[in-house]
Amino acid sequence: MNASSRGRGWLAAWLAAGLLGSQVPAFAQETAPSTAEVVVAIKRRAQQILEERRRAKRLRVSWDISQLVGYESNPANGPDHIGDTYFEQSVYGTFSKKLAPTITWQGIYSGSYDNYVEYGDGDYMSHTLTPVKLLWQPGRMWRVDTGADFNITYYPRSKGSNYRDLKPFVGVRQNLWGTWFQTARYEWFIRDYISKQARDGNSAETLSNRVDTRHRLRYELGTTWQEALLKVKQEWYSHDSNDARNDFYDAQDYKVTASVNRNLTEKFSANASYSFERKNYEHRPVTGITAEARYDDTQTWTVAGTYDFNNTWSFAPSFSYKFLDSNEPTGEYVDTTITGTLSARF
Amino acid sequence: MKKSLLRLEAALLLSSLFFCPLGGLPAHAEEEELPPQEPVVATEDEVLKEQIAQVHQGLLEIHQAMAKRRRTLMAETNEVRKANLYAEIDGLRKEYNLLQDLLFELVDEATATEWTKIDEALKRVRRFERYQERAYQKEENLRERQQ
């Protein structure tokens, strides 16, 4: 029996000994009434606290619902640069329950629906379910989480892009010296393209669905300084596909992101980030007489803010500029996105 | 006769210093104790913080009640009333210990789930990072369509 259960046992016995309510403890019969009342009140509060702690271990539910309106200068990511307005509705729901003082179970649902006014090929719906995510928080220094996501992504007008995937993950954060932290995260996914066949080396479609796998590793180093959060994140992934036409989708990717977030006022916080990503395709050919496989360099600048009207409502504007440079000239593009998001949290 | 009575009185007085005829003296009954210190914990759980504060307040009140009885005990000469005061202090001491166990339990839980400035800062950017991840995935899906 540990100290906590022993304490609870004694307290329960103490409360059950009938010394609650209006009954005056025997020791207090000759003391001033106020002392007896004080002790009874203390015991009443203690019982309330025990009841509240029992309630705290029950299931908690929270929801975050957002409506986004955006304009993209090049939603097709192509050379034509035809801009379009789009709308996104998203829901993020969290179910959580404390299993032990340092372990919490979470179940998460995340769904979003994007639809463009003109660029219908960009319309899509995504549902992600995380039935189990375990968070372990053994004190001040360590934060560990692990779980698995199931996702379905559906493009009603581009069925070849539909897929479902399973993604287990594990992450560890270490808080250092009060204000610094480092995080390592590993994910693996297997993705089944439910409406697309894999091709063989002769570009003929096989009877199997295209199936991709990816190993992804992330490392992040950051600090809180005054009211700001500064982070540098590095990511690396290796992507492999059973599509054998030039091993078209096989690639190694490296990305580095620097970001800063700061509370500018009590209600308004701002974010700014810059990322550079190099994607090296293993065998994908490029136009022209060259043996070099394709590579893409993407740079993205983003500035955003969040204004909290109150504990429930918030508004988040954002602006991002993306430039993709490639040794395949037909793959280069620039895309600018401006969005405004109204969110409710409850 | 008078001398033997005096000797008997002296013997009784001496023996009363070591033996209480109405029950054992709790060893701590006359000790002056410091009031319980307020625990300092950094936890996100506001309810837990409030509970710790309430239990600590309860401990302070019981401590004050015990201190009041000790002061009364120091000035009391009647043996019956002194014995009653000892019993009251002992009873309050038991209540104090039980409440202290509850406080230790709450503080252990707060320490185990300590919320830092880093946790607060990362929570602030979580929604923004979810949005960025979604935008990245959307762009990757579209880029993959290029043949």
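In the predicted model, strand E1 of chain A, spanning residues 60-72, pairs in the antiparallel sense with strand E2 of chain A, spanning residues 84-100, over 13 bridges. Within this pairing, A:Arg60 stands opposite A:Ser96 of E2(A). Strand E1(A) is also joined to strand E14 of chain A, residues 333-345, by nine bridges. These two strands likewise run antiparallel. Here A:Gln67 has A:Leu342 in E14(A) as its bridge partner.

Two residues of chain A other than glycine were examined for their backbone angles. A:Gln226 has a positive phi, near 55 degrees. This residue is placed in the loop between strand E8 (205-225) and strand E9 (228-241) of chain A. A:Gln226 counts as exposed because 7 C-beta neighbours lie inside 10 Å, and the exposed class extends to 12 or fewer such atoms. A positive phi is also found at A:Asp247, where the value is near 45 degrees. The loop that holds A:Asp247 lies between E9 and strand E10 (251-263) of chain A. With 17 other C-beta atoms within 10 Å, A:Asp247 is partly exposed, because that class falls between the exposed limit of 12 or fewer and the buried limit of 20 or more.

The contacts between the chains were then considered. Chain A contributes 45 residues in contact with 42 residues of chain B. On the side of chain A that touches chain B, at least two residues each are supplied by helix H1 (3-16), helix H2 (33-56), strand E11 (268-281) and strand E12 (295-308). Of the elements of chain A, H2(A) gives the most to this side, with nine residues. By class, the side of chain A that touches chain B comprises 20 nonpolar, 20 polar and five charged residues.

For chain B, the domain assignment gives domain 1, covering residues 43-115, and domain 2, covering residues 116-147. The C-alpha centres of domain 1 and domain 2 of chain B are 50 Å apart.

Terms used: Residues are numbered from 1 along each chain as its sequence is written. Chains are lettered from A and ligands numbered from 1 in the order in which they are written. This is a predicted model: local features need pLDDT of at least 70, side-chain atom pairs count only at pLDDT 80 or more; totals for chains, interfaces and linings use all residues. Two residues are in contact if their C-beta atoms, placed from the backbone, lie within 7 Å. Helices (H or I, at least four residues) and strands (E, at least two) are DSSP runs, numbered from the N terminus. Ala, Val, Leu, Ile, Met, Phe, Trp, Tyr, Cys and Pro count as nonpolar, Asp, Glu, Lys and Arg as charged, and the others, Gly among them, as polar. Two strands pair if DSSP finds at least two bridges between them. Domain bounds come from an automatic or database domain assignment.
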